[in-house]
Amino acid sequence: MRRLYNLAVNLSGVVLKSARFFSKKLAEFVEGRKDLFTRLEDNIDPAASYLWIHAASLGEFEMAVPVMEMLKKEYPQKKILVSFFSPSGYKNKKKHPLVDYFTYLPLDTRQNAQKFVQLVQPDMAFFIKYDFWPNFLNELQDREIPTFLVSGIIRKDQPFFKSYGNWMRKSLEAFDHFFVQNEESKELLHNMGFRNLTVSGDNRFDRVAAQIEQDNRIDFIENFKDDKLLVVCGSTWPEDEDLIIDFINSSRNIKFIIAPHEIREEKVQKLKKTFKIPTVTYSEKENKDLSIYRVLVLDTIGYLGRAYSYADVAYVGGAAGNSGLHNILEPATFGIPIIIGKNFKNFPEAEKLRQLAGLFSVEDAQGFSSIMTRLYTQEDFRIKTGMIAGHFINSNTGATEKLQNYLKKRF
């Protein structure tokens, strides 16, 4: 099976070069890896010591931020290199104060793994959540480089549990320690014979908990809110907007911030036209009295996390369709009720918060209108629900500290 895997990865490299002409995302995937090793050779300092963190995409990078903050404090003399698999992660985080060098991860061939690890020569490697690449893991193991899974998720539908998965399970032996999010992951690893693990939780809780201690002020949002009840709808897709538009148009004395996932001008203008109440976009806000508007569309990035600090209720997008639920922890840390769509099967934090009654899942526009009406008219209910969400964050922090304590004992 390993031979078939290596053959498939090599063939995929050939196929992607042709497929890039038919897909913008595939084009970015291919172009981003062009001359990758030349750039590494030009930018890697051979005299420096590196800590390598691999994140599949932007969400996994956010998980890694508190880990990087900890590593910078514990190992200030070392540099941090971050690799991404997806273009969306790389494009959005080409620069970050904690990161010394960003790169795409090459395709998982034996030759690429050997060359990459030889160039970087990391002192330690950290893989975030569940991006497992057998050849890279085998190379790290062969070189005896300490390797850790952070905020790990192990699920029964992963290749390790398929009939052909024995050789992939072997690659997991590269991990010196597994820091996993939940008991299910622990049990699945136990069933495979691993005992070098800790149920540490999700590092994103540490990430969002730190947000509340930062300066979250945004002057234009303060002007827009004007002491009215504010609903912030974050990372919305068209399916999400179908759920919320009717209520927005029929509402009274409530303000809404919409942060669509796609901020291309034609998409934003199409969305704006669906609202029958005074609406303004971020790009149109200059020299306007924002307090007279009822809807503000954030056709920009960088404000959503802080915008939640002004919200009384949050709607988090992605689960109304099949694009994947976005981060519910960002609004939860500010102690506000959260509403999402119905498709959140592989998001355990959403399921847990729903069970605790700090989050509501709706199937259609009528469901959204019903819960929003209750949250608007029943202040005690809204406050209690928000307190549940805030407590959920506070009671689940500490994953980074567990990793830190382990590294202190080990090294």
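**Figure 1. Crossing of helices α3 and α6 in the predicted model.** Helix α3 passes α6 in a left-handed crossing. The two helices, α3 with residues 36-43 and α6, pack at an angle of about 15°, and their axes are 10 Å apart. Because angles under 35 degrees count as roughly parallel, α3 is described as roughly parallel to α6. On the α3 side, the contact is made by Phe37, Leu40 and Glu41. On the α6 side, Asn112, Lys115, Phe116, Leu119 and Val120 take part. By class, this contact of α3 with α6 has five nonpolar residues, one polar residue and two charged residues.

**Figure 2. Crossing of helices α6 and α7.** Here α6 passes α7 in a right-handed crossing. Helix α6 spans residues 110-120, and its axis lies 8 Å from that of α7, at a packing angle of about 45°. That angle makes α6 oblique to α7. From α6, the residues in contact are Arg110, Asn112, Ala113, Gln114, Phe116 and Val117. From α7, they are Asn135, Phe136, Glu139 and Leu140. The contact of α6 with α7 divides into five nonpolar, three polar and two charged residues.

**Figure 3. The open sheet that contains strands β1 to β7.** Seven strands make up this open sheet, and their pairing is parallel. Read across the sheet, the order is β3-β2-β1-β4-β5-β6-β7. The edge strands are β3, residues 101-104, and β7, residues 197-199, each of which pairs on one side only. Neighbouring strands of the sheet are turned against each other by 20° on average, direction ignored. Strand β1 (residues 50-55) runs parallel to strand β2 (residues 79-84), and six bridges join them. Within this pair, Trp52 has Leu81 of β2 as its bridge partner.

**Figure 4. Helix α7 on its sheet, and the annotated span.** Helix α7, residues 134-142, lies across β1, β4 (122-128) and β5 (147-152). The helix runs at about 150° to β4. In an unreviewed UniProt entry, residues 46-206 carry the annotation "domain: 3-deoxy-D-manno-octulosonic-acid transferase N-terminal". The span of residues 46-206 is 39% helix and 22% strand, and its end C-alpha atoms lie 33 Å apart.

**Figure 5. The open sheet that contains strands β8 to β14.** This open sheet of seven strands has parallel pairing and the order β10-β11-β9-β8-β12-β13-β14. At the edges stand β10 (279-281) and β14 (359-361); each has a single partner strand, so one side of each is left without a neighbour in the sheet. From one strand to the next, the twist averages 20°. Three bridges pair β10 with strand β11 (residues 295-297) in the parallel sense.

Terms used. Residues numbered from 1 in each chain as written. Predicted model: local features only at pLDDT ≥ 70, side-chain atom pairs only at ≥ 80, totals over all residues. Heavy atoms only, no water. UniProt positions renumbered as here; feature names shortened; annotations may be inferred. Helix = DSSP H or I, 4+ residues; strand = E, 2+ residues; numbered from the N terminus. Pairing = 2+ DSSP bridges. Axes fitted to C-alpha atoms, helices over the stretch in contact; angles between N-to-C directions. Contact = heavy atoms within 4.5 Å. Parallel < 35°, antiparallel > 145°, perpendicular 65-115°, else oblique. Left-handed = near helix turned anticlockwise from the far one by under 90°. Nonpolar A, V, L, I, M, F, W, Y, C, P; charged D, E, K, R; others polar.
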